[in-house]
Amino acid sequence: MLLIHGLADTEAPAEQSRIMAERLRKAGVAVETLFIPDVDHGFIGKTPEVTRAASLDALQKTFDFMDKLAGKTK
């Protein structure tokens, strides 16, 4: 499971993702998280540069996660 959360999210607190990750781990599920500072629920930041950087971070983390599931990386 991959959880990605913006730390400036006002719709869903980041703590929800932290709690979910913890509970999944306790249930034996492999979990990866990415908490991105200064962006909201849709990874929108106060500037286009912050938004772009957050989107690229989330996208790269997703690609890396999918590659790992496909056995392309360790």
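Throughout, a residue is called buried when its relative accessible area is under 20%, exposed when that value is over 50%, and partly exposed in between, with a 1.4 Å probe and protein chains only. The structure is a predicted model, in which local features need pLDDT of at least 70 and side-chain atom pairs count only at pLDDT 80 or more, while totals for chains, interfaces and linings use all residues. Residues are numbered from 1 along each chain as its sequence is written, and side-chain values use heavy atoms, with hydrogens and water left out.

Taken along the principal axes, the C-alpha atoms fill a box of roughly 35 × 30 × 10 Å. Of the 74 residues in the chain, 27% are buried. Contact here means heavy atoms within 4.5 Å, and of the contacts between residues at least 6 apart in sequence, 53% join residues at least 24 apart.

As for the surface, the protein chain exposes about 5,300 Å², with carbon and sulfur atoms supplying 57% of it; accessible areas come from the Shrake-Rupley method with a 1.4 Å probe, and for residues only the protein chains shown count as cover. The chain carries 10 positive and 11 negative charges, whose mean positions are 8 Å apart. Lys and Arg count as positive and Asp and Glu as negative, leaving out His and the chain ends, and each charge is placed at NZ of Lys, CZ of Arg, CG of Asp or CD of Glu.

On the inside, the largest nonpolar core has 5 residues, namely Ile-36, Val-39, Phe-43, Ala-54 and Ala-58. Such a core is a set of buried Ala, Val, Leu, Ile, Met, Phe, Trp, Tyr and Cys residues joined through side-chain atoms within 4.5 Å. Leaving out residues up to four places away in sequence, Val-39 touches Gly-6, Leu-7, Ala-8, Asp-9, Ile-44, Gly-45, Val-50 and Ala-54.

The loop between strand 2 (32-36) and helix 2 (48-69) holds Asp-40, and also Asp-38 and Phe-43. With neighbours within four places set aside, Asp-40 is in contact with Gly-6, Ala-8 and Asp-9. The Asp-40 side chain also reaches two backbone nitrogens, that of Gly-42 at 3.0 Å and that of Ile-44 at 2.9 Å. Asp-57 sits 17 residues from Asp-40 in sequence and 14 Å from it in space, C-alpha to C-alpha.

Most residues other than glycine have a negative phi. Asp-38, however, has a positive phi of about 65°, and Phe-43 has one of about 60°. Asp-38 counts as exposed because its relative accessibility is 56%.

Helix 1 (residues 14-26) includes Ser-17 and Met-20. Ser-17 counts as buried, at 11% relative accessibility, whereas Met-20, at 39%, counts as partly exposed. Beyond residues up to four places away, Ser-17 touches Leu-3, His-5 and Phe-35; Met-20 touches Met-1 and Leu-3. Met-20 and Val-31 are 11 residues apart in sequence, with their C-alpha atoms 9.4 Å apart in space.

Methods. Helices (H or I, at least four residues) and strands (E, at least two) are DSSP runs, numbered from the N terminus. A polar contact is a pair of N or O atoms within 3.5 Å; within protein, one must be able to donate a hydrogen and the other to accept it, and residues adjacent in sequence count only if both atoms are side-chain atoms.
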